[in-house]
Amino acid sequence: MIPMAFDEAGIPVFARPSLCIRLFGGLEVEGWGRSLPALARQPRTGALLAFLALHPFRAFSRMALAEILWPELDPGAGMGALRAALYRLRRGFRGLRFPLRVDRARIAFAPSTPWWTDVQAFTLLLERARKAPPLQARAALEAAVALYTGDLLPDWEAPWVVGWRQSLREQFLEALARLWRLAEEMGDLPEAERWAERLFQEEPTRVEVARFLIRQAEARGDPEAARRVGQRYQWACRSRGIPPDLNMGFEPSWRIRPSAPLGRLLQALETLARETPVFPVAPLRQVLLEGLVQTAEEALARGAYREAAPWAMAALALLTPHTPVEWAWRARCAVDAVADFEGDRARQAANLRAMLRLARRMGDPTRRAEGVARLAYLELQRGRPAAAERLLAAAEAALPLDPLHRALLRRLRGLTALRRGWFPTARAHLQAALALLPEDAPAAHRAAILNGLAVAWRHLGDYHAALCLLEQAWDLLPEEERRGLLGALIEGNRTLFRGWAEGPSAAWGEELEALVQAAERRQDLEAALWIAAGAVRIYLRAGDGTACARWIDRLKTLWSIAGDGFEGPRAALVLALAARARGDIAEARRWGRRALQGSRRWGRDDIRLLAMALRRRWTPAARSEAERLLVRVGWEAWRAFWEETPFLEPPAWMAPRSGALTAAPPPASRCPPTDTAAPRSAWAG
């Protein structure tokens with residue numbers, strides 16, 4: 001028996017072992033100074049060598065080996081596979097010393113020359129660390145962790161591999177945890193944080209690691225990093241069905257208020273103004289206000305909302321009735337940006353109302369229009385599209401605006417109609433916005449209008465017209481805008497609509513997977529829900545059960561996390577449709593009820609109508625409500641839905657009728673007209 005011996009770094013004592021076998025991350029064999037890739041490429045040969053190398057100097061009967069390695073084969077076929085694997089293994093080691101000892105009954109891995117495997121080195125180093133004092137244990141653990149370059153044979157799913165893989169992974173995670181604790185006990189906090197980060201990447205559901213990383217981030221004054229850790233922990237727990245520990249304080253401790261030094265400075269100014277009235281505090285306050293606003297605006301221009309928040313809130317605290325209106329407006333714009341980013345809707349609403357009062361004092365209709373647009377968008381985020389429409393319609397009718405701002409208000413009205421599911425009205429508003437937009441307007445404004453118009457045309461059943469508009473929008477965007485949120489939205493819509501127009505394919509599925517992963521990385525769960533729901537609908541229509549089941553599981557996971565949001569009702573409706581397609585009426589009803597509840601909360605008339613259409617029994621009141629919704633949603637959208645869902649039959653009294661359409665869709669060979677103005681009464685529905 002040739003023993004294995006290692007130095008402190010886990011390297012074999014032998015300068016060059018005759019045989020090296022690596023099993024972490026995939027099978028690699030090196031014999032006598034040259035690589036033997038053919039052994040790893042042949043699954044049965046590699047399985048025989050890997051299994052025996054994991055049990056060195058242990059003899060197995062031929063029958064036991066065949067049953068362990070190929071349990072799916074009958075005994076005769078298993079023995080034949082074993083003989084073939086042994087033959088190929090001998091050929092692979094031709095000219096080299098064969099590491100197996102084989103007789104008529106038994107086979108064992110028993111090299112007669114120095115040998116090394118990473119699994120044996122890993123386990124021996126962990127054993128050494130368990131018995132060593134802290135410094136030596138830390139060195140041994142670091143060497144063991146360095147050997148673990150990936151899970152054991154990750155491409156193999158044989159039962160014997162799965163058991164070994166899970167056991168070694170648990171040992172690896174325990175080694176990382178011990179390294180973290182040893183570094184923390186020794187007072188080496190940066191090193192402890194490094195190992196905790198590694199452990200958190202491998203196992204993000206460990207609450208004690210998340211707590212430690214949050215404490216470290218808060219100690220160095222980085223609340224954004226603390227929040228990212230908390231969000232990732234909650235995401236990982238919910239995606240794996242584990243109840244997260246909600247008492248971890250993931251919310252930032254400051255909740256967009258000035259930092260302590262700024263607070264002390266503001267308090268000193270107030271004390272000075274109160275105790276020394278003759279001192280000219282007002283000019284000092286104004287200079288400080290201008291510096292705070294400029295600093296906040298510079299941070300916002302870089303996208304550093306967290307950095308801008310304390311400066312903006314300190315500027316807000318300095319505002320008085322005598323502050324120049326221009327600087328007051330700039331300060332409140334900065335506060336609106338950081339409050340919107342933080343999701344502090346109450347503070348945002350109060351600030352926007354103050355902005356509207358300030359715009360009236362300024363007598364500037366453009367500023368009033370900007371304030372109304374911000375407040376309307378806030379109402380949309382709150383799920384109150386009717387309030388948003390009232391604000392926008394009143395501002396458009398009352399304010400003397402230039403064409404650019406009139407176009408932007410009309411675009412917001414189109415977005416409001418899209419959110420309600422009133423697709424003919426949305427199309428009219430967006431076409432009017434496009435006609436009003438000046439030629440010299442920023443390209444991003446035109447691209448955003450074209451994107452909304454494409455969504456309206458897609459829901460009205462003309463995929464080719466929608467794709468044409470999206471191509472125009474993409475070509476208009478500068479390179480830096482394509483990497484932003486608008487670019488991601490246009491790219492996601494373009495990929496989805498191509499699936500509706502051309503049907504799914506393997507390349508299309510890979511693009512969709514990449515889009516969902518990108519949305520999850522930037523924590524845009526609404527976009528991830530939208531894409532996953534569209535994928536399920538497209539695969540349902542194509543009849544691809546395997547891909548559909550995979551995306552249904554993905555959609556259920558996303559819904560469990562973000563089902564309360566705006567896209568939650570759509571996801572619930574799609575899951576109801578999937579359940580109906582496979583004949584599970586009880587589950588379809590459950591998801592249908594969730595879709596109906598969410599659509600009422602968010603004012604989504606299209607989802608509400610379609611969820612009602614899944615019913616089998618209709619009361620007179622429900623039928624009357626559905627008829628009213630159908631007029632608003634549009635017969636074109638109604639017909640498109642039933643054409644996209646061939647496995648469902650529409651109610652007889654609501655069957656799509658070509659003669660009832662409000663307008664025929666445009667030819668698929670050209671883009672839809674974009675210069676038709678919307679009638680003033682279009683919103684009346």
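This is a walk through a predicted model, stop by stop, with what to select and what you will find there.

**Before you click**

Because the model is predicted, local features need pLDDT of at least 70 and side-chain atom pairs count only at pLDDT 80 or more, while totals for chains, interfaces and linings use all residues. Residues are numbered from 1 along each chain as its sequence is written, and side-chain values use heavy atoms, with hydrogens and water left out.

**Stop 1: the whole chain**

Show the cartoon. The chain has 31 helices and seven strands; these are DSSP runs numbered from the N terminus, with helices being H or I of at least four residues and strands E of at least two. Now colour by burial. Of the 685 residues, 51% are buried, where buried means under 20% relative accessible area, exposed over 50% and partly exposed in between, using a 1.4 Å probe on protein chains only. Contact here means heavy atoms within 4.5 Å. Among contacts between residues at least 6 apart in sequence, 63% join residues at least 24 apart.

**Stop 2: the largest core**

Select Ile-490, Phe-497, Leu-512, Val-536, Trp-551, Leu-555 and Trp-638. These have the most contacts inside the largest nonpolar core, a set of 90 residues. (A nonpolar core is a set of buried Ala, Val, Leu, Ile, Met, Phe, Trp, Tyr and Cys residues joined through side-chain atoms within 4.5 Å.) Helix α25, residues 525-542, gives the most to this core, with 13 residues. For the other core, jump to Val-119, Ala-137, Trp-195 and Phe-200: they belong to a second, separate core of 79 residues.

Leaving out residues up to four places away in sequence, Ile-490 touches Ala-447, Asn-451, Leu-470, Ala-473, Trp-474 and Leu-477.

Next, pick Leu-470 from that list, in helix α21 (463-476). Leu-470 counts as buried because its relative accessible area is 0%. Draw a distance from Leu-470 to Phe-497: their C-alpha atoms are 9.4 Å apart, though 27 residues separate them along the chain.

**Stop 3: Trp-530**

Trp-530 lies in helix α25. Is Trp-530 buried or exposed? Its relative accessibility is 14%, so Trp-530 counts as buried. Not counting residues up to four places away in sequence, Trp-530 touches His-459, Asn-493, Leu-496, Phe-497, Glu-567 and Arg-570. Leu-496 is 34 residues away from Trp-530 in sequence, and the two C-alpha atoms are 9.5 Å apart.

**Stop 4: the cavity**

Select Arg-458, His-459, Arg-537, Arg-570 and Glu-644. Of the 23 residues lining the largest cavity, these lie nearest its centre. A cavity is a set of points on a 1 Å grid over the protein atoms alone where a 1.4 Å probe fits but cannot get out, and lining residues have an atom within 4 Å of a point. The structure holds one cavity of 30 Å³ or more, and the largest holds about 320 Å³; grid points are joined across faces, edges and corners, and a volume is the space filled by probe spheres set on the points.

Which helix gives the most to the lining of the largest cavity? That is α31, with five residues. By class, the lining has 16 nonpolar, two polar and five charged residues. (Ala, Val, Leu, Ile, Met, Phe, Trp, Tyr, Cys and Pro count as nonpolar, Asp, Glu, Lys and Arg as charged, and the others, Gly among them, as polar.)

**Stop 5: helix α19**

Select residues 423-436. Helix α19 has 14 residues and reaches 20 Å from its first C-alpha to its last, close to the 20 Å expected at 1.5 Å a residue; the expected span is 1.5 Å times one less than the number of residues. In α19, 12 of the 14 residues are buried.

**Stop 6**

Go to Glu-203, in the loop between α8 and α9. Glu-203 counts as buried because its relative accessibility is 18%. Its contacts, beyond four places in sequence, are Arg-169, Leu-173 and Arg-240.

Now check some backbone angles. Most residues other than glycine have a negative phi. Phe-57, in the loop between α2 and β4, has a positive phi near 60°. At 25% relative accessibility, Phe-57 counts as partly exposed. Leu-153 also has a positive phi, about 40°, and sits in the loop between α6 and α7. Leu-153 counts as buried, at 2% relative accessibility.

Notes. 1 Å grid on protein atoms, 1.4 Å probe; cavity = no way out; pocket = protein on both sides within 12 Å on 5 of 7 lines; lining within 4 Å.
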